[in-house]
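Hi there,

Here is the structure I promised to pass on to you. Have a look around it first, and then read on for what turned up.

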2 protein chains.
Amino acid sequence: MLSKKTRYAFRALTHLAENYGRGPVLICNISEQKNIPLKFLENILNELKKADLLESKKGKGGGYYLKVSPKKISLATVIRVINGPIALLPCVSLNFYEKCADCDEKHCGMRKMMTITRDATLKILEKKTLQDVLMAGI
Amino acid sequence: MLSKKTRYAFRALTHLAENYGRGPVLICNISEQKNIPLKFLENILNELKKADLLESKKGKGGGYYLKVSPKKISLATVIRVINGPIALLPCVSLNFYEKCADCDEKHCGMRKMMTITRDATLKILEKKTLQDVLMAGI
DNA sequence: TTAATATCCTACCAAAATGGTAGGGAATTT
DNA sequence: AAATTCCCTACCATTTTGGTAGGATATTAA
């Protein structure tokens, strides 16, 4: 399951996607309109910025905005930044790989099943973008 | 990610699958051979029993054994019993559904994306069984 | 009928993750 | 220099995770 934080992140990002190309949006506006605790949102947006998905401006007229088009931000990317691994086992994760303690990876049945599962999941999550979320929401 | 408990459950179940049809297996045997903390394993097996995947016998010659063939136990079933929901959002879960706080389900883009994702994931996890895990491990 | 063998049940516990809050610092604009 | 806005560090309560302890209960065999 995605954490509450990740769901907040998606809500904030779709708001920024709706305002793509119209300049910075204030944290407090997103917070109010999307009903996300202000201080919590602050650090979510900051993490997304550090992950190079957002850009920010300080001072009057400042705020946050998407660094690239909503078409170029996949759901997989967002999930990885805020939620962590997408795979069901660390030993089949592409971005957060960790070796298993006891198993021989060449002959581990679970690993093979989880690899197939990961591929099926990623096929969707890598392809679908913030743009798709917007379009599907109309 | 699957919890450690869920991974223990799968390891225990594959052991029981290997011994399917040969009578009960002792908890302590599974614990030793699969390197799972004994007391923790006790309650994992018990949960699997309550979920109707296992049967048990007390006293000498007792132990645990699969209630049905490894071919009939899907990975999805095991995950749901020990790990919980498979879907990425409660509002798209088939077995653990919960309504979202703020969204109108008919017009929620995220919900639609997560439904597609769930279907892709379940297509694998519902079809693959303990038997497949055994076969893939050879 | 008693001892041995196994599972079953309840309760507890430490460590980590989750979902925040508080308060001030630093950059930018007017 | 004042106002605005993001940025950073630290803290905190609650829940989840990953166990452990100890005895109760059922079954079998002598």
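Which element supplies the largest share of the surface near DNA strand D? That is helix 3 of chain A, with three residues. Please keep in mind as you read that this is a predicted model.

Let's stay with DNA strand D for a moment. It is surrounded by 22 residues, and the closest are A:G63, B:S3, B:K4, B:P37 and B:G59. Both chains take part: helix 3 (38-50) and strand 2 (63-66) of chain A, along with helix 1 (4-18) and helix 3 (38-50) of chain B, each give at least two residues to this surface. Sorted by class, the surface near DNA strand D holds nine charged, eight polar and five nonpolar residues.

Now for DNA strand C. Around it are 23 residues, of which A:S3, A:K4, A:P37, A:G59 and B:S56 come nearest. Two or more residues each come from helix 1 and helix 3 of chain A, and from helix 3 and strand 2 (63-66) of chain B. Helix 3 of chain B gives the largest share here, four residues. The classes for the surface near DNA strand C are nine charged, eight polar and six nonpolar residues.

Next, the two protein chains. Their contact takes 29 residues from chain A and 29 residues from chain B. On the side of chain A that touches chain B, the elements giving two or more residues are helix 1 (4-18), helix 5 (109-125) and helix 6 (130-136) of chain A. Helix 5 of chain A has the largest share of that side, with 11 residues. By class, this side of chain A has 17 nonpolar, seven polar and five charged residues.

Finally, a pair of helices inside chain A. Two packed helices are described by the angle between their axes and the distance between the axes. For helix 1 and helix 4 (residues 75-82) of chain A, the axes come within 9 Å and cross at roughly 135°. These two helices of chain A are therefore oblique to each other, and helix 1 passes helix 4 in a right-handed crossing. Helix 1 of chain A brings A:K5, A:T6, A:A9, A:F10 and A:L13 to the contact, while helix 4 of chain A brings A:V78, A:I79 and A:I82. Six of the residues in this contact of helix 1 with helix 4 of chain A are nonpolar, one is polar and one is charged.

Enjoy exploring!

Best wishes

How values were computed: Residues are numbered from 1 along each chain as its sequence is written. Chains are lettered from A and ligands numbered from 1 in the order in which they are written. This is a predicted model: local features need pLDDT of at least 70, side-chain atom pairs count only at pLDDT 80 or more; totals for chains, interfaces and linings use all residues. Two residues are in contact if their C-beta atoms, placed from the backbone, lie within 7 Å. Ala, Val, Leu, Ile, Met, Phe, Trp, Tyr, Cys and Pro count as nonpolar, Asp, Glu, Lys and Arg as charged, and the others, Gly among them, as polar. A residue is near a molecule or strand if its C-beta atom, placed from the backbone, lies within 6 Å of it. Axes are lines fitted to C-alpha atoms, for helices over the stretch in contact, and angles run from 0 to 180 degrees between N-to-C directions. Angles under 35 degrees count as roughly parallel, over 145 as roughly antiparallel, 65 to 115 as roughly perpendicular and the rest as oblique. A crossing is left-handed if the near helix is turned anticlockwise from the far one by less than a right angle, and right-handed if clockwise.
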